[in-house]
Amino acid sequence: MYALTSTGRRLVQYAFAVEHPAVPHTVNWRDYSWVVRAKTRRMTLNGLARLGEKASQPQTASAVRRFLRAEHPVGLNPVLRSLKELLGRGLVRVAGATEERPLRLYQLTLAGERIVAQLRR
């Protein structure tokens, strides 16, 4: 990952009249690059964020898969694997279980929200 320094941003502003924002220091860049390297992880994290904004509550893996399936053909097993990996990195947390069947409900952590915000930039 490369980014402009403060001097580089000033020079770009002066030479090209283009303002380049500083890189946020709140993002864990190692986790960010780990997410970006795998298409399914990136889609799952983004899908969970968009679905969470839409429904404003934690979601099951199958709900994330159904949401993603509208844009990308993805199976349940890759989504489950991605959620397990994201859970291990602390980007997603288990927010409980459903009442009818014992299905896990997933929600983004603060670190996951920061990475999603950077992905949307």
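This is a predicted model: local features need pLDDT of at least 70, side-chain atom pairs count only at pLDDT 80 or more; totals for chains, interfaces and linings use all residues.
Residues are numbered from 1 along each chain as its sequence is written, and side-chain values use heavy atoms, with hydrogens and water left out.

**Exercise 1.** Work out how helix α2 runs relative to helix α5.

Step 1: grab the axes, which are lines fitted to C-alpha atoms over the stretch in contact, with angles from 0 to 180 degrees between N-to-C directions. Helices here are DSSP runs (H or I, at least four residues), numbered from the N terminus.

Step 2: the axes of α2 (residues 29-37) and α5 (residues 76-89) come within 12 Å and cross at roughly 175°.

Step 3: so α2 is roughly antiparallel to α5, a label for angles over 145 degrees.

**Exercise 2.** Find which residue pairs with Arg41 in a salt bridge, and say whether Arg41 is buried or exposed.

Step 1: a salt bridge needs a side-chain nitrogen of Lys or Arg within 4 Å of a carboxyl oxygen of Asp or Glu. Arg41 meets Glu85 that way, at 3.1 Å from N to O.

Step 2: check accessibility, with buried meaning under 20% relative accessible area, exposed over 50%, and partly exposed in between (1.4 Å probe, protein chains only). Arg41 is buried at 11%, while Glu85 is partly exposed at 31%.

Terms used
Helices (H or I, at least four residues) and strands (E, at least two) are DSSP runs, numbered from the N terminus. Angles under 35 degrees count as roughly parallel, over 145 as roughly antiparallel, 65 to 115 as roughly perpendicular and the rest as oblique.
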